[in-house]
Amino acid sequence: MSGIRSTLDIVMERTKNLTLSGEEKEKFRLDECRKKCLALVSRYLAEIIDAVAARTELDREMQECPEAATIFRQELIRGVDPWKEKETLAAGLKDILAIDPSPYVELVISSIADRDRLLAGETEKKLAALHRRGIGGPAVLPNMDDDPGWKENLSGLKTSLQEQLGRL
């Protein structure tokens, strides 16, 4: 029986001469911090924890990872649909990070207006195309949700908005 070694013994023997560089250690530390912040954002958005509990956990994480607040902000921006959840974004920024949400909200409102103008223009084009084919009437509305071009434009607008929010 003494000839049987545990998996841990084998792993330890094979890795005893391996070391991480400072750059690799920093990368692992930031990756771990990002994972913790992402989990925190997910729990906050799912309303498993409230803003006070999220702030407490974020403060604790910032002791180990000073970049945690910045990472949390990035993950919060990435985690919400700003067009549908601008209030959630504003509350998270204000209550957890103590950031003035007004520039963020103004940018979202401006983006919503741009999206609506683009939608109106695309809808008019689709209605004109339907009219040319002899389809018309007051009840005719094009289904923009099935238009791949519109979906692509919408995705581009949302990506652009999230990038702009991230730069604030």
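Modeller: Buried means under 20% relative accessible area, exposed means over 50%, and partly exposed lies in between. The model discussed here is predicted.

Biologist: Is aspartate 81 buried or exposed?
Modeller: The cut-off for a buried residue is under 20% relative accessible area. Since the relative accessibility of aspartate 81 is 16%, this residue counts as buried.

Biologist: With which residue does aspartate 81 form a salt bridge?
Modeller: Side chains of opposite charge can pair when their charged atoms come close. For aspartate 81, the closest N and O atoms of the pair are 3.1 Å apart, and the partner is lysine 158. Aspartate 81 lies in the loop between H4 and H5 while its partner lies in helix H7, so the bridge ties together parts that are 77 residues apart in sequence.

Biologist: What span should the 20 residues of helix H7 have at 1.5 Å a residue, and how far apart are its end C-alpha atoms?
Modeller: The expected span is 1.5 Å times one less than the number of residues. For helix H7, residues 148-167, this rule gives 28 Å, and it agrees with the separation of the end C-alpha atoms, which is 29 Å.

Biologist: Which residues of H7 are exposed on the other side from the buried ones?
Modeller: The buried residues of H7 are Trp150, Leu161 and Leu165. They cover an arc of only 45° around the axis, which puts them on the same side of H7. What covers these buried residues includes helix H4 (68-79), helix H5 (86-96) and helix H6 (102-132). On the other side of H7, the exposed residues are Pro148, Glu152 and Arg167.

Biologist: Which cysteine forms a disulfide with cysteine 33?
Modeller: The count comes to 1 disulfide, and in it the sulfur of cysteine 33 is 2.5 Å from that of cysteine 65. The pair links distant parts of the chain, with cysteine 33 in helix H2 and its partner in the loop between H3 and H4, 32 residues apart. The angle about the S-S bond is -95°, and the link is left-handed.

Biologist: How far is the sulfur of cysteine 37 from the closest cysteine sulfur?
Modeller: A disulfide requires a pair of cysteine sulfur atoms within 2.5 Å. The closest cysteine sulfur to that of cysteine 37 belongs to cysteine 33, and it is too far for a bond because the distance is 4.3 Å.

Biologist: Which residue forms a salt bridge with lysine 36?
Modeller: Among the 14 salt bridges counted, the one of lysine 36 has its closest N and O atoms 3.6 Å apart, the partner being glutamate 64. It links distant parts of the chain, with lysine 36 in helix H2 and the partner in helix H3, 28 residues apart. Lysine 36 is partly exposed, with a relative accessible area of 34%, whereas at 54% relative accessibility the residue that counts as exposed is glutamate 64.

Biologist: What is the phi of alanine 98?
Modeller: Alanine 98 is placed in the loop between H5 and H6, and at 68% relative accessibility this residue counts as exposed. Its phi is a positive value in a residue other than glycine, and it is near 55°.

Conventions. Residues are numbered from 1 along each chain as its sequence is written. This is a predicted model: local features need pLDDT of at least 70, side-chain atom pairs count only at pLDDT 80 or more; totals for chains, interfaces and linings use all residues. Side-chain values use heavy atoms; hydrogens and water are left out. Helices (H or I, at least four residues) and strands (E, at least two) are DSSP runs, numbered from the N terminus. Buried means under 20% relative accessible area, exposed over 50%, partly exposed in between (1.4 Å probe, protein chains only). The arc is that of the directions from the helix axis to the C-beta atoms. Contact means heavy atoms within 4.5 Å. A salt bridge is a side-chain nitrogen of Lys or Arg within 4 Å of a carboxyl oxygen of Asp or Glu.
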